[in-house]
Amino acid sequence: MLIGASREELETLRVPLTKKSDFEVFWRNTLQNFLSREASPILSEVQTPLSLVDVIDVTVSGFNGDPIKGWFLQPRNISELTPCIVMYDGYGGGRGLPHEWLFWVNVGYRVLVMDTRGQGGGFRLGSTPDGQYSRPSQTPGFMTQGILDKDDYYYRRVFTDAVAFVEAAKKLPGVNPDRIIVAGGSQGGGIALAAASLADGVFAAMPDVPFLCNYRRATEMVDTFPYHEITLYCRIHRNEIERVFETLSYFDCMNLVTQASCPALVSIGMHDPICPPDTIFAMRNHYAGDIDTQIYEFNTHEGGSVQHQLAQAKWLSALLESSGK
C-alpha cells in the first residue's frame, strides 16, 4: 500500500528543519578534531578469481584514527584516470566480498567500498570493529548507541569515516580526484548524503531509497526496523524523548543536505515501509544543490532494484559528459 502522503503533496512539502544553533560548528569541530586529512590509505593487493579486475584491500584512517577496512576495485590494465564511486552499505552490512561490488567496475569506473564500522552481522560480512566499542560483524542494533549525547552517537563516527573515504579516494592510483561520486542504498544512501554534505570536492551523489532522513517523522509513521529501534528505546526511556531527538537532529540528512552542493540523483519507492517517502521527500526538498528524483510508484524498499543501477549509470554518464570527463 502507499505509505504516507500523496506524491502531489510531498513534491512541495517543506518540513521545518530541526537544526540546532551549533549544528555547523559541531560538524566543523568534529572533522577538524577527529579526521586526519593527511593520512594516506594503506593498500594491499588481494588474489581472487576475478581475472579482469584488480582487488586491493584498503585501510583508511577514520574517526579518531580508527582503521576502517575497505575494498578498492579497478578494471585490470586500464591506465587512464577515471571517476571513483565511493560505495556505502545498507544497515547491518559490511564490505562483504569483492565480487559483490562489480557493477560499477564493469561500467568502467574505479570503486572504493567502505566497511561500516561494527556492522556485518546482518547480511554482508564486515571486518571493522567500532573502535574500542565492539568486535566487527555485530548483529544490528546501532540506532540508539550513544543516543543521549551527540558526541558519543554512533553515526558521528560513521559519517566521519565516510568523509575519510572521500579523502582517501582522491589519493588512490588511477583516480581522477575531481570526479569522486558517493553512492549507496538505504543506510548507504543516508551515509552518501552525509558525505556529500560534509566532504570537500564531491562531484555527485547517488543515494538510493536513503535511510537516516527525518527521524521523528519516520518513527511516527512506521514500526519497522531499523527506525523501530528508536521507538523501542523511547518506549522505555519515556523522560528522554526530546533529548533523543535533539541528538538525532545532528545526524538527520534532512538537516545535513542544506550544506550539499553537488548534483544528486535520489530514488524513492512510494510503497516503502522501511524508509517512507515522506522522510525522503523531506530531505530532497531541502537539498541545497541540484537534485533529480527517480520515483518507483509501486515499489517498496527495493526501489528500482537492478533497473535503477541502469538509470544511475545513464544519469552519471550524462553528468560527466556535460562537465567534461
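Visitor: What makes a residue part of the lining of a cavity, and which helix gives the most to the lining of the largest cavity?

Guide: A residue counts as lining when one of its atoms lies within 4 Å of a cavity point, and a cavity point is one where a 1.4 Å probe fits but cannot get out. In this predicted model, helix 4 gives the most to the lining of the largest cavity, with three residues. Besides helix 4 (154–170), strand 2 (53–61) also gives two or more residues to that lining.

Visitor: How many cavities does the search of the whole structure find?

Guide: The search finds one cavity of 30 Å³ or more. The largest cavity has a volume of about 60 Å³, and its lining includes Val-60, Ser-61, Ala-164, Glu-167 and Ala-168. By class, the lining residues comprise six nonpolar, three polar and two charged.

Visitor: What makes strand 2 and strand 3 a pair?

Guide: Pairing requires at least two bridges; strand 2 and strand 3 (residues 67–75) have nine, in the antiparallel sense. Ser-61, a residue of the cavity lining, has Pro-67 in strand 3 as its bridge partner.

Visitor: Why are strand 1 and strand 9 said to stand at the edges?

Guide: The open sheet has nine strands in the order 1-2-3-5-4-6-7-8-9, with mixed pairing. Strand 1 (42–46) and strand 9 (291–296) each have a single partner strand, so one side of each lacks a neighbour in the sheet. From one strand to the next, the twist averages 20°.

Visitor: Which strands does helix 10 lie across?

Guide: Helix 10 (residues 277–284) lies across strand 8 (264–269) and strand 9, at about 160° to strand 8.

Methods. Residues are numbered from 1 along each chain as its sequence is written. This is a predicted model: local features need pLDDT of at least 70, side-chain atom pairs count only at pLDDT 80 or more; totals for chains, interfaces and linings use all residues. Side-chain values use heavy atoms; hydrogens and water are left out. On a 1 Å grid over the protein atoms alone, a cavity is a set of points where a 1.4 Å probe fits but cannot get out, and a pocket is an open set with protein on both sides within 12 Å along at least five of seven lines; lining residues have an atom within 4 Å of a point. Grid points are joined across faces, edges and corners, and a volume is the space filled by probe spheres set on the points. Helices (H or I, at least four residues) and strands (E, at least two) are DSSP runs, numbered from the N terminus. Ala, Val, Leu, Ile, Met, Phe, Trp, Tyr, Cys and Pro count as nonpolar, Asp, Glu, Lys and Arg as charged, and the others, Gly among them, as polar. Axes are lines fitted to C-alpha atoms, for helices over the stretch in contact, and angles run from 0 to 180 degrees between N-to-C directions. Contact means heavy atoms within 4.5 Å.
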